[in-house]
Amino acid sequence: MTESAEIYGQHLAEFQKTAYVKGMDEYQKLHRQSIEDPEGFWAQQAEKYLSWEKKWDQVLDYDFTEARISWFSGGVLNASYNCLDRHMDTIADKIAYYWEGDNPEDTKAVT
């Protein structure tokens, strides 16, 4: 093992504790699911990782001849809520985003 590989690999054990995909085997399984059943795969991901105000009527509708693709039609979600608000119970005290004004010295860390 090269020195750079050893240095790079030092963080992997800690990272794997919090990573969604813990290794290549799990990645390949998820990838295979996404190819074999894209609608089922993405429906599962959407239910697991997003909060919906109204669940979708159809996961995927497409017509390549008409160059039309629609994901999660009929579904309603609030992007701001999904990015920030729904995490308030678990990570409210962590920094949500860094704001920088026109003057780079004008900054805020928002929790």
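**Close-up views of a predicted model**

**View 1. K22 and its contacts.** Setting aside residues up to four places away in sequence, K22 touches Q16 and K17. Contact means heavy atoms within 4.5 Å. This is a predicted model, in which local features need pLDDT of at least 70 and side-chain atom pairs count only at pLDDT 80 or more, while totals for chains, interfaces and linings use all residues. Residues are numbered from 1 along each chain as its sequence is written, and side-chain values use heavy atoms, with hydrogens and water left out. K22 sits in the loop between α2 (12–18) and α3. Helices (H or I, at least four residues) and strands (E, at least two) are DSSP runs, numbered from the N terminus. The relative accessible area of K22 is 40%, so K22 is partly exposed. Buried means under 20% relative accessible area, exposed over 50%, and partly exposed in between (1.4 Å probe, protein chains only). L12 is ten residues from K22 along the chain, and their C-alpha atoms are separated by 9.7 Å.

**View 2. The whole protein, for orientation.** The protein has six helices and six strands. From the N terminus on, their order is α-α-α-α-β-β-β-β-α-α-β-β. The C-alpha atoms fill a box of roughly 50 × 45 × 30 Å along the principal axes. The radius of gyration is 20 Å, whereas a compact globule of 111 residues would have one near 13 Å. That radius is taken over C-alpha atoms, and the globule rule is 2.2 Å times the number of residues to the power 0.38. Of the 111 residues, 12% are buried. Among contacts between residues at least 6 apart in sequence, 23% join residues at least 24 apart.

View 3. The accessible surface of the protein comes to about 9300 Å². Carbon and sulfur atoms hold 52% of that surface. Areas come from the Shrake-Rupley method with a 1.4 Å probe; for residues, only the protein chains shown count as cover. The protein has 11 positive and 21 negative charges, and their mean positions are 7 Å apart. Lys and Arg count as positive and Asp and Glu as negative, with His and the chain ends not counted. Each charge is placed at NZ of Lys, CZ of Arg, CG of Asp or CD of Glu.

**View 4. Helix α4 and its buried residues.** The twelve residues of α4 should span 16 Å at 1.5 Å a residue, and the end C-alpha atoms are 16 Å apart, which agrees. The expected span is 1.5 Å times one less than the number of residues. F41, A43, Q45 and A46 are the buried residues of α4. The buried residues of this helix pack against α3 (24–36), β1 (52–54), β2 (58–63) and β3 (68–73).

**View 5. Q45 within α4.** Q45 belongs to helix α4 (residues 38–49). Its relative accessibility is 11%, so Q45 counts as buried. Q45 touches Y20 and L50, not counting residues up to four places away in sequence.

**View 6. E53 in strand β1.** E53 lies in β1. Its relative accessible area is 59%, so E53 is exposed. Leaving aside neighbours within four places in sequence, E53 is in contact with V76, L77 and N78. A109 is 56 residues from E53 in sequence, and the two are 29 Å apart in space, C-alpha to C-alpha.

View 7. A67 has a positive phi of about 55°, although A67 is not a glycine. A67 falls in the loop between β2 and β3. With 70% relative accessibility, A67 counts as exposed. F72 has a positive phi of about 55° and is not a glycine either. F72 lies in strand β3. F72 is buried, at a relative accessible area of 17%.

**View 8. M88 in helix α6.** M88 belongs to α6 (residues 88–91). Its relative accessible area is 45%, so M88 is partly exposed. M24 lies 64 residues from M88 along the chain, with their C-alpha atoms separated by 32 Å.
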